[in-house]
Amino acid sequence: MSKMSALLVTVTLLCVQVLHGLPHTAFQSKKPHGVNREPQFTEKYFSQTVDHFNFNSMGNGTFSQRYLITEKYWKKGHGPVFFYTGNEGDVWEFALNSGFITELAAQQGALVIFAEHRYYGKSLPFGKDSFKIPQIGLLTVEQALADYAVMITELKQQLAATQCPVIVFGGSYGGMLSVYMRLKYPNIVAGALAASAPILSTAGMGDPRQFFRDVTDDFASVTPECRDAVRGAFHQLKELAEHQDYSRIQSEFSLCKPPSSAQDIHQLNGLLRNAFTLMAMLDYPYSTHFMGNMPANPVKVACKTMLNGSDLLSNLRNTAAIVYNATGVLTCFDLYSLYLECADPTGCGLGFDSMAWDYQACTEINLCYESNNVTDMFPSMPFTESDRERYCSKRWSVVPRPDWLKIQFWGDALSTASNIIFSNGDLDPWANGGVRKTLSSSLIAINISEGAHHLDLRGSNDADPVSVISARKTEADLIAQWVKMEKIRLGQSL
């Protein structure tokens, strides 16, 4: 989520003030693995309704919504439509890192469409004013789903594909949207593959300690000494902060400016915690360039760094540099440029996309996750419903609805739904916020050992664990069955 994303976040490496000696991790200059290198997508724009639910609102008009499309593999007028429900970022980022969809399209003769979520990337309903109040108020899950329903319906008409079954795909928040599309528009969508979709925790239905506990477990699984070293380093940082030894903290962490307040220390703790979060999410068995640059098996790389000698603070700085200074461009850490605190404790990323996700985390997406230094290795950083409400009221003049997703999109009462795959990787800290057990013959949970954040959506790679190869085969077989059943229902020849 984000962020998630988030849910899913994009770490942008910024060139900031110059100080010498900031460590960095060197990477080989190879093309990214597991990436659809030549997707051959055409970028297009769809004239989309700004407000689907109020004929008299400020959104009584249209905006240009970006989407990517390829007919390369499509059996025209006959093959299925594979539609990616875009999430909190630039649509190209997801298209280039979801090669399984085009691989499956080649097998099953599908048309492939990646849609960009409103208020992200270039799909801004009010242009540069999209993030002002009240214009940002039309950024909701419901509006995004309606966008996709309208886009699917009209594009199928334009492409003479009205009898072609639609399967939706998504990862993280995008996976949540795929689930919601199948629940909300089963007349349009025949099935959904929801990879790493935390539909339960984001609806306020989990333990707020779960996320950072699971991040910690990823590092402890390499070796318990790794977890203990991280906890010890944060304890040393806490002691320096209590003595207000700010010059030492600046030196130890190669900060561009010395911290001068408890808020600066809080920001530093958030930045450091975020680095471990990203490495746990993106713990792929090969190097990647998704949400920043990562080496192969970044959790193992981090643990090796954390256990490199007895200087825990230096090791903690060097470990954070795996995320924040992968290219070696930066010569110091700027606390408030590299990481933005927001309503998502797992990180919102940077730039306009971070503003959009922050707003969503202040309204419908419930991300009250916290670390406590007992069940996890991080500093105690509570984030309660009250904390969220105070922040969101000040930042966006809104009051969050903590139970809305549970009411609107069923929570865990999914027994009457059908044709949804819930895939999760055991290495992914988002996994236990999603559906881990099969609920019926058509609500299938696939758990991927050695799998990180929606690894199954990535393109095939020689380094893939057997578990993800098997998961993709199961997913392909289920989707083929759904397509066949939908064709029979529509009276289309097989």
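Predicted model: local features only at pLDDT ≥ 70, side-chain atom pairs only at ≥ 80, totals over all residues.

Which strands does helix α15 lie across? I looked along residues 466–490, and α15 lies across β4, β6, β7 (191–195), β8 (420–425) and β9. Against β9, I get an angle of about 165°.

I find an open sheet of eight strands with mixed pairing. Reading across, I noted the order as β2-β3-β5-β4-β6-β7-β8-β9. From one strand to the next, the twist averages 20°.

I then zoomed in on one pair. Strands β4 (residues 81–85) and β5 (residues 111–115) run parallel and are joined by five bridges. Thr85 is the residue standing opposite Ala115 in β5.

What else packs on this sheet? I checked helix α3 (residues 141–158), which touches β2, β3 (62–70), β4, β5 and β6 (166–171). The direction of α3 makes about 115° with that of β2.

Last entry, a helix pair. The axes of α6 (residues 224–242) and α10 (residues 312–324) come within 9 Å and cross at roughly 110°. I count 65 to 115 degrees as roughly perpendicular, so that is how I describe α6 and α10. On the α6 side I listed Ala229, Gly232, Ala233, Phe234, Gln236, Leu237 and Leu240, and they meet Leu312, Leu313 and Leu316 in α10. Sorted by class, this contact has eight nonpolar residues, two polar ones and no charged ones.

Key:
Residues numbered from 1 in each chain as written. Heavy atoms only, no water. Axes fitted to C-alpha atoms, helices over the stretch in contact; angles between N-to-C directions. Helix = DSSP H or I, 4+ residues; strand = E, 2+ residues; numbered from the N terminus. Parallel < 35°, antiparallel > 145°, perpendicular 65-115°, else oblique. Contact = heavy atoms within 4.5 Å. Nonpolar A, V, L, I, M, F, W, Y, C, P; charged D, E, K, R; others polar. Pairing = 2+ DSSP bridges.
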